[in-house]
Amino acid sequence: MTAAPARTGGPADLAGLRRLAAATLDANWEHDHTVPSRTLYPHQWSWDSAFIAIGLAHVRPERAWQELASLFRAQWADGRVPHIVFNPALRVGAYFPGPELWRSADAQGSPAVHTSGLVQPPVHALAALLAYRRAPGQAGLAALHRLYPALVAQQRYLADHRDVAGDGLICVVHPWESGLDNSPAWDEPMAAVPAEAAVMRAYRRHDTAHADAAHRPTDLDYARYLAIVAAYRDHGYADRALADHPFLVECPLFNAAFGAAEHALAEIAALIGADPEPHRVRAGRITEALVRRLYDPVNGTFQPRDVRAGRLLGARTVLGLTPLILPDLPARQVDALVVEARSARFGVAARMDRPLPSHDRTAPDFEPLRYWRGPSWLNIGWLVRRGLLAHGHPALASGLRRSMIGLVAGAGCHEYFHPDTGAGLGSPAFGWTAALLLDLLADEP
């Protein structure tokens, strides 16, 4: 018997949740950006900052623009936006793997500040557009003018450097780039990466000092993560060497975000007096490639493609639902994804008894406690909800919204949640959970 997430009551309950979310963001503010967590993630993370900016626009709009501006100051010369920007004020060893492992200063075109060499899903243009919509005005319009060239450069980097197969889709070169670090989606290509768990004896993992090791990626996972980082770093993070890279996967979420960014850039371009049409054209091409390359008509969902092996990967994870965020996704695929979302695997409904899991809860490798192998995350639910709204499913979107609000009402602003009981897991006082809660609360039920 599982326990449903707590239900919210009247306006007083919602006002209390707003205060909790705003206080969490205030507590995590670090001079020009928000840390995801004061304990587990003390630096700046790329897609965290994008989601956080959306929430900040509701309570401190000036900080929303500072959040994005601070991230893009660390943009590399080639246009990549690094997935971690390290705070130089923190001691060595405050996070693993830290700047001493990434050695970004040795790479051509890196910024003055230490960063990683990886990227994350490009949700930043969408975040900038939504931040402006949440708090329109001259200050926001000026911020869009300043950000637009950097957002375009981010997209150009991906299109020019990461379309490894030449099919119009972007490859992630590490599971961390997908955002869903240890998802079962990556098990097959990860198994081909040569590494031994014993390698980790030489390192001190930061994450297991702050969270239960049973909830985190294993030592073998981490040994493989570090092997992939080393392969990329030792080639100077140069994408021209990717043909021999040990991990090359076209991810549905990453490419859906890539397409959604072009749609958002078209709207931003219109707002600032630039030409939106090239963005619209590119957006259409990305959606067409996504459907052609990653949609599995047998299973009725999108699945990652292992470029090295030349095949779709079979795990049915929540990644498959995320192309719903594309406004031009064809009706056939929309209908199939709605069926998938409503299935016993994911359980999206007008009245949800359990939260949206990150992996098929009927699968034998479903793990309700381990990071992205089962638990529920607000950022993914938020994306799926946007897609349901965009494609005419308000009742399902409303059910998902109530479920997500109920998670925080019952457990607080945790990093992620148990997919059956709704118990809070991972880091407490988590940035994007607080930020996206503010965005959900601002919408009508």
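**Working chat: burial, packing and salt bridges**

User: Is phenylalanine 51 buried or exposed?

Analyst: Phenylalanine 51 counts as buried, because its relative accessibility is 1%. Buried means under 20% relative accessible area, exposed over 50%, and partly exposed in between, using a 1.4 Å probe and protein chains only.

User: What am I looking at, and how are things counted?

Analyst: This is a predicted model, in which local features need pLDDT of at least 70 and side-chain atom pairs count only at pLDDT 80 or more, while totals for chains, interfaces and linings use all residues. Residues are numbered from 1 along each chain as its sequence is written, and side-chain values use heavy atoms, with hydrogens and water left out.

User: Which element holds phenylalanine 51?

Analyst: Phenylalanine 51 is in helix α2, residues 46-59. Helices (H or I, at least four residues) and strands (E, at least two) are DSSP runs, numbered from the N terminus.

User: And which residues is phenylalanine 51 in contact with?

Analyst: Apart from neighbours within four places in sequence, phenylalanine 51 contacts Val123, Asn379, Trp382, Leu383, Trp432, Ala435 and Leu436. Contact means heavy atoms within 4.5 Å.

User: Switching topic. How do α11 and α12 cross?

Analyst: The axes of α11 (residues 252-272) and α12 (residues 277-294) come within 8 Å and cross at roughly 165 degrees. Axes are lines fitted to C-alpha atoms, for helices over the stretch in contact, and angles run from 0 to 180 degrees between N-to-C directions. The two helices, α11 and α12, are therefore roughly antiparallel to each other. Angles under 35 degrees count as roughly parallel, over 145 as roughly antiparallel, 65 to 115 as roughly perpendicular, and the rest as oblique.

User: Which residues of α11 and α12 meet?

Analyst: On the α11 side they include Phe258, Glu262, Leu265 and Ala269. On the α12 side they include Arg282, Ile286, Leu290 and Leu294.

User: How many salt bridges are there?

Analyst: The count is 26. A salt bridge is a side-chain nitrogen of Lys or Arg within 4 Å of a carboxyl oxygen of Asp or Glu.

User: What about glutamate 267 and arginine 133?

Analyst: Their side chains, glutamate 267 and arginine 133, form a salt bridge at 2.5 Å, N to O. Glutamate 267 lies in helix α11 and arginine 133 in helix α5 (residues 124-134), so the pair ties together parts 134 residues apart in sequence. Glutamate 267 is partly exposed, at 38% relative accessible area. Arginine 133 also counts as partly exposed, at 39%.

User: How far apart are the closest N and O atoms of arginine 162 and glutamate 177?

Analyst: In the salt bridge between arginine 162 and glutamate 177, the closest N and O atoms are 2.7 Å apart. Arginine 162 is in the loop between α6 (138-161) and β5 (171-172), and glutamate 177 is in helix α7 (residues 175-178), 15 residues apart. Arginine 162 and glutamate 177 are both buried.
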